[in-house]
Amino acid sequence: MDEYKVIESKSPVFYEKYERKSELQHQTHYCPGCGHGVVHKLIAEAIADMGVQDRTVFVSPVGCSVFAYYYFDTGNVQSAHGRAPAVATAVKRSNPSSMVISYQGDGDLAAIGTAEIIHAANRGEKITVFFVNNAIYGMTGGQMAPTTLVGQASTTSPWGRRPSNEGYPLHMAELLATLNAPVYVERVSLHDNKNIMKARKAVRKALELQRDGVGFTFVEILSPCPTIWKMTPQESRKWIEEKMLSVFPLGVYREHKPEAVNDAVPQVSVRELLHVSDTPEEVPKEPAPCGGELQRTDLRVNIAGFGGQGVLLLGQILAEMGMRAGREVSWLPSYGPEMRSGSAHCHVCLSHERVGSPLVEHPDVLIAMNEISLNKFAKQVGPHGTVFYNASKLPAGFPPQEAMIYCVPASEIADKLGTTKATNMVMLGALLELTHALPKESAAAVLRAKVRNKALLEIDYRAIEAGMACLREQRDAVTADAGAKTEDRFAHSR
Ligand SMILES: Cc1ncc(C[n+]2csc(CCOP(=O)(O)OP(=O)(O)O)c2C)c(N)n1
Ligand code: SF4
C-alpha cells in the first residue's frame with residue numbers, strides 16, 4: 001500500500017467550490033456515469049494547458065449542458081434553448097481575442113437550434129462547438145431527440161423510433177462537414193478509455209484551432225446518459241459501443257485550412273458608416289433658447305402610424321440629428337408583416353447620457369400619424385408629455401388625456417406643398433418648434449445627406465418650416481386664449 005499515494009486534484013479551470021442546494025452539496029448536478037462530467041474535465045484540462053482561462057467564455061444553453069456555468073471558472077453566458085451558436089457569434093465578434101465555447105446537447109443543437117448551428121458553421125464563425133450527443137432529451141426526462149436511434153424507445157416514441165413517422169437520426173457531424181466554412185469537424189466517443197483519450201485530443205485540437213484564429217470547429221461527442229437510458233454506467237458505455245457507433249461512425253469529417261479570400265469587412269465606426277462627420281458642419285449642438293413649452297433636450301419619442309407614412313424614416317432622421325448633436329441615441333423600429341399600410345412605429349431616444357433601453361414605454365412625445373395610433377398610444381404619454389396628432393381636430397368622443405395634444409394636419413399641409421410624402425417632415429417641424437430638442441439646421445443637414453431628389457428636398461425643407469409655423473400658431477392661440485374653449489382645433493389637459 002505504501003507504494004501508492006492517492007492524489008485528488010481538480011483543474012484550476014473549475015471553481016474551487018461547486019454551488020448546489022445544501023442537501024445536494026455532496027454531489028454535482030450530473031448523474032453518476034454521465035458523459036457531461038467527463039467532457040467537462042477534458043475541456044478544463046485543455047483550457048488550463050493552453051493558458052486561456054482568463055479569456056474563455058462558455059455559452060451554455062438549455063438541457064443538462066446548462067450546468068456548465070456552475071463548474072467553469074471562466075466567462076459564462078446562458079442562452080435560450082438552441083441559440084448558443086448565435087450568442088457565441090456575438091461574444092466572439094465583439095471580442096475576437098476571446099475563446100468562445102458553445103456547449104450543447106443534441107436536443108438543443110439538433111432540434112430547436114438547428115438553424116443557429118448550421119448558419120454559425122456556414123458563416124465560419126471562429127468558435128468551438130462541443131456537441132454532447134446522448135441520443136435523448138436528458139434534462140426533461142427522455143423525450144425523443146433528432147439523434148435518437150431507429151427503434152430506440154423514448155417517452156415520445158414509446159414503440160421505438162419509426163422512420164416512417166419520426167424520420168431518421170440526424171447526423172450533425174456529416175451534415176456540417178458538407179459546408180465550405182468549417183475547418184474541423186470530428187466525432188468522438190466516451191465509451192472506453194482509449195476513446196476518451198481520442199476525445200481529449202479532439203477537444204484540444206478544436207480549441208487550438210480557435211486560439212490560432214483558423215475558423216469554425218465542431219466536436220461531436222457520443223456520451224452516456226445512464227439515468228434516462230435506464231442503465232448502469234457500464235451498460236451505458238456498452239450500449240454506445242454496440243448501438244450508437246454503427247449509426248454515428250467516429251472519425252474526422254472535415255479538416256481543412258480556409259482558403260485565403262480577400263473579403264475582409266472594413267472596420268468603420270457607425271459615424272463613418274452613416275457619413276456623420278465628427279465635427280459636423282456649422283450646425284449648433286444645442287438649439288437657441290426660446291419660449292417653447294416642452295423645452296427638453298433629452299427626449300423619448302414614439303412615432304406611430306401606417307407603413308408608407310415615413311414613420312420609421314422620421315425616427316431615423318431624428319436619431320441621426322441627435323447623433324450629429326453629440327447625443328446618445330437609439331432607434332427601435334417595429335412593424336407588422338405588411339410592407340405598406342400595415343401598422344408601424346418606432347421608438348427614439350435622445351439623451352445626454354447612455355441610453356439604458358431603446359424601448360420607450362412612456363414617451364415624452366407621441367407623434368400619432370393616424371387615429372389608430374392615437375387611440376393606442378396616447379394614454380402612455382405622461383402628464384408632462386405631448387402628443388402630435390395628424391389631423392385638424394381630435395376624433396369625436398376622444399377622451400381627455402393627461403398629456404398636451406396638438407392637432408397638426410400634417411398630411412393636409414404636406415399635400416398642399418406638393419406631396420404627402422413630406423407629412424413626416426411637417427411633424428418634425430412641429431416637434432422641433434415645441435421641444436427645441438435639436439436645431440432645425442441639423443434636420444437640413446441630415447436631409448441633404450439622405451434625400452437625393454432635389455425637388456423633394458426643397459419640399460421637405462418647406463414642410464419643416466410649415467410644421468413649425470403650424471405649431472407656433474397653435475401655441476400662440478393657447479397663450480392668447482388660455483382657458484378659452486379650444487377643443488375644435490386641439491385639446492389639452494394636464
Ligand atoms: C424554449 C424551450 N423549449 C423547451 C424547453 C424544455 N427543455 C428543457 S431541456 C430540453 C431538452 C434538452 O435536451 P438535450 O439538448 O439533448 O440535453 P441533455 O439534457 O440531454 O444534455 C427541453 C426540450 C425549454 N426549456 N425551453
Ligand atoms: S439526465 Fe442524462 S445527460 Fe442529464 S445529467 Fe443525467 S445522465 Fe447526464
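Q: In which strand is glycine 305 found?
A: In this predicted model, glycine 305 belongs to strand β8, residues 299-306.

Q: Why does glycine 305 count as buried?
A: The cut-off for buried is under 20% relative accessible area. Glycine 305 has 2% relative accessibility, so it counts as buried.

Q: What is glycine 305 in contact with, leaving aside its neighbours within four places in sequence?
A: With those neighbours within four places left aside, glycine 305 is in contact with Val311, Gly342, Ser343, Ala344, Met369, Asn370 and Ser373. Methionine 404 is 99 residues away from glycine 305 in sequence and 19 Å away in space, C-alpha to C-alpha.

Q: What makes glutamate 116 buried?
A: The limit is again under 20%. The relative accessible area of glutamate 116 is 19%, so this residue is called buried. Glutamate 116 sits in helix α4, residues 114-123. Apart from neighbours within four places in sequence, it is in contact with Gly82, Arg83, Pro85 and Ala86.

Q: How do you know whether lysine 230 is buried or exposed?
A: A residue is called exposed at over 50% relative accessible area. Lysine 230 has 74%, and is therefore exposed. Lysine 230 lies in the loop between α8 (226-229) and α9 (233-247). Its phi is positive, about 60°, although lysine 230 is not a glycine.

Q: Where is histidine 436 found, and why does it count as buried?
A: Histidine 436 is in the loop between α14 and α15, and comes just after α14. Its relative accessibility is 13%, and buried means under 20%, so histidine 436 counts as buried. Histidine 436 is not a glycine, yet its phi is positive, at about 50°.

Q: What makes α14 mostly covered?
A: Of the 13 residues of α14, 13 are buried.

Q: How does the reach of α14 from its first C-alpha to its last stand against the span expected at 1.5 Å a residue?
A: Helix α14 has 13 residues and reaches 19 Å, which is close to the expected 18 Å.

Q: At what angle do helix α14 and helix α16 pack, and why is α14 called oblique to α16?
A: Helix α14 (residues 423-435) and helix α16 (residues 454-480) pack at about 50°, and their axes are 6 Å apart. That angle makes α14 oblique to α16, because angles under 35 degrees count as roughly parallel and 65 to 115 as roughly perpendicular, while those over 145 are roughly antiparallel and the rest are oblique. The crossing of α14 and α16 is right-handed.

Q: Which residues of α14 and α16 make the contact?
A: From α14 come Met425, Val426, Leu428, Gly429, Ala430, Leu432, Glu433 and Leu434. From α16 come Asp460, Ala463, Ile464, Gly467, Met468, Leu471, Arg472 and Arg475. By class, this contact of α14 with α16 has 10 nonpolar, two polar and four charged residues.

Q: Why are α15 and α16 called roughly antiparallel?
A: The axes of α15 (residues 440-450) and α16 cross at roughly 160° and come within 10 Å. Angles over 145 degrees count as roughly antiparallel, and α15 and α16 are therefore given that name. Their crossing is right-handed.

Q: Which residues make the contact of α15 and α16?
A: Lys440, Ala443, Ala444, Leu447 and Arg448 of α15 meet Leu457, Asp460, Tyr461, Ile464, Glu465 and Met468 of α16. By class, the contact of α15 with α16 has seven nonpolar, no polar and four charged residues.

Note on methods
Residues numbered from 1 in each chain as written. Chains lettered and ligands numbered in written order. Predicted model: local features only at pLDDT ≥ 70, side-chain atom pairs only at ≥ 80, totals over all residues. Heavy atoms only, no water. Axes fitted to C-alpha atoms, helices over the stretch in contact; angles between N-to-C directions. Helix = DSSP H or I, 4+ residues; strand = E, 2+ residues; numbered from the N terminus. Left-handed = near helix turned anticlockwise from the far one by under 90°. Contact = heavy atoms within 4.5 Å. Nonpolar A, V, L, I, M, F, W, Y, C, P; charged D, E, K, R; others polar. Expected span 1.5 Å × (residues − 1). Buried < 20%, exposed > 50% of the residue type's maximum accessible area, 1.4 Å probe, protein only.
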